[in-house]
Structure formats: C-alpha cells, structure tokens
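Please keep the sequence and the coordinates open while reading.

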Amino acid sequence: MKKIVGRHVVSAALTVLAAVAATAHADVVGNATAGQGKVAMCIGCHGIPDYRTAYPEVYHVPILGGQNAQYISNALHAYKKGDRHFETMHAIAASLSEQDIADIAAYYSSQTANSKNNPEK
Ligand code: HEC
C-alpha cells in the first residue's frame, strides 16, 4: 500500500515537472532519425518483450516504443536530476545531452506496433 501511494506522489510530481520541462527545453527539437542511432544502449533492457531484471529486485522494464515524446523526455530529465530514482537510469540519463534526449524521445514516440524497426523499439 505504501508503495502505491508513493507512485502517485511521483506521478503528480512528474506532471508538475512536465510543465516546467516543456518550457525549459522548448528550443531543442528532436530528430527521430538521429535518435535511432542513439538507442543502441537502451535496447538491451527496453527492447525485450516482458523483460524483467532479477537484481536487486524483480521489476519490469517499461516499453518505450510508442510512448509520448514529452513523457520520455520528462522521465529522462527526472532521472538525470535525481527527482526520479533509479540507479541505472540515472547513470544513463546523466550521460545524455539535451539534444540526445530530444532525439531519443522523437525516435521512441514514432514507433508503433507495426514499425519496421520493431526489434529496436
Ligand atoms: C540496464 C537496463 C536499462 C538500460 C540500459 C536502459 N534502461 Fe531505461 N529503464 C530501465 C528500468 C528498469 C526502468 C524502470 C525504472 C523505474 O522503475 O523507475 C527504466 C525506465 C526508463 C524510462 C521511464 C519509462 C516510464 O514508463 O516511466 C525511460 C524514458 C527510459 N528508461 C529510457 C531509457 C533510454 C532512452 C535508455 C538508453 C539511452 C535506457 N532507458 C536504457 C532499465 C534500463
């Protein structure tokens, strides 16, 4: 129960952040083609259907393909800043530039269930 309440607080915080991030990064335009070349390191975890990690706890890795670009961008900014806590994602997000995040968000948001590059979702 405690965990569920925590998640709601996090999503509420993300919604507020979304508004802030949308204004702060409005000048960076994502390029889906460039993004495709930047997701190689994401595929290992995010591209496997129903993938779960086993350590340190069992959890699902969210599917990113088809996700809203602003949502992906916000999530990466939150990991980068440490507002959203997940060690691996923090390390990865911290290594991404504003342009990388915009490109990756554009790439993933352009994916659909029928996309040709499905293995790279
Ligand atoms: C080592 C495995 C791993 C790698 C590599 C990885 N991720 Fe993640 N990612 C995760 C896990 C696990 C979560 C869920 C963490 C959580 O609960 O906050 C996650 C969460 C996310 C989220 C939030 C999704 C949501 O629905 O809230 C985004 C966006 C994301 N990752 C993007 C990326 C991008 C972009 C890359 C490559 C640059 C990447 N990840 C690489 C494991 C990984």
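Gly 35 is buried, since 23 other C-beta atoms lie within 10 Å of its own; a residue is called buried if 20 or more other C-beta atoms lie within 10 Å of its own, exposed if 12 or fewer, and partly exposed in between, with C-beta atoms placed from the backbone. The model is a predicted one, in which local features need pLDDT of at least 70 and side-chain atom pairs count only at pLDDT 80 or more, while totals for chains, interfaces and linings use all residues. Residues are numbered from 1 along each chain as its sequence is written.

Gly 35 belongs to helix α2 (residues 32-36), where helices (H or I, at least four residues) and strands (E, at least two) are DSSP runs numbered from the N terminus. Leaving aside neighbours within four places in sequence, Gly 35 is in contact with Gly 30, Asp 103, Ile 104, Ala 106 and Tyr 107; two residues are in contact if their C-beta atoms, placed from the backbone, lie within 7 Å. The C-alpha atoms of Gly 35 and Ala 102 are separated by 7.9 Å, although these residues are 67 apart along the chain.

The protein has six helices and two strands, and along the sequence they follow the pattern α-α-α-β-β-α-α-α. Of its 121 residues, 21% count as buried. Among contacts between residues at least 6 apart in sequence, 73% join residues at least 24 apart.

Which helices do the buried residues of α6 pack against? They pack against α2 and α4. Helix α6 is mostly covered, with nine of its 12 residues buried, namely Ile 101, Ala 102, Asp 103, Ile 104, Ala 105, Ala 106, Tyr 107, Tyr 108 and Ser 109. At 1.5 Å a residue, the 12 residues of α6 should span 16 Å, and the end C-alpha atoms of α6 are 16 Å apart, which agrees; the expected span is 1.5 Å times one less than the number of residues in the helix.

The same check can be made on helix α4 (residues 69-81), whose 13 residues should span 18 Å and whose end C-alpha atoms are 18 Å apart, in agreement. The buried residues of α4 are Ile 72, Ser 73, Asn 74, Ala 75, Leu 76, His 77, Ala 78 and Tyr 79. Just after α4, Gly 82 takes a positive phi of about 90°.

Two packed helices are described by the angle between their axes and the distance between the axes. Helix α4 packs with α6 (residues 98-109) at an angle of about 140°, with their axes 8 Å apart; axes are lines fitted to C-alpha atoms, for helices over the stretch in contact, and angles run from 0 to 180 degrees between N-to-C directions. That angle makes α4 oblique to α6, given that angles under 35 degrees count as roughly parallel, over 145 as roughly antiparallel, 65 to 115 as roughly perpendicular and the rest as oblique. The contact is made by Ala 69, Ile 72, Ser 73, Leu 76 and His 77 of α4 and by Ile 101, Ala 102, Ile 104, Ala 105, Ala 106, Tyr 108 and Ser 109 of α6. By class, this contact of α4 with α6 has nine nonpolar, three polar and no charged residues, where Ala, Val, Leu, Ile, Met, Phe, Trp, Tyr, Cys and Pro count as nonpolar, Asp, Glu, Lys and Arg as charged, and the others, Gly among them, as polar.

Ile 72, a residue of helix α4, is buried because 22 other C-beta atoms lie within 10 Å. Apart from its neighbours within four places in sequence, Ile 72 is in contact with Leu 64, Gln 67, Ile 104, Ala 105, Tyr 108 and Ser 109. The C-alpha atoms of Ile 72 and Ile 104, which are 32 residues apart along the chain, are separated by 8.3 Å.

Helix α4 also packs with helix α5 (residues 87-94), at an angle of about 100° and with their axes 7 Å apart, and α4 and α5 are therefore roughly perpendicular to each other. Here the contact is made by Leu 76, Tyr 79 and Lys 80 of α4 and Met 89, His 90, Ala 93 and Ala 94 of α5, and its residues divide into five nonpolar, one polar and one charged.

Lastly, Gln 111 lies in the segment after α6 and counts as buried, with 21 C-beta neighbours inside 10 Å. Its C-alpha atom is separated by 9.6 Å from that of Ala 32, 79 residues apart along the chain.
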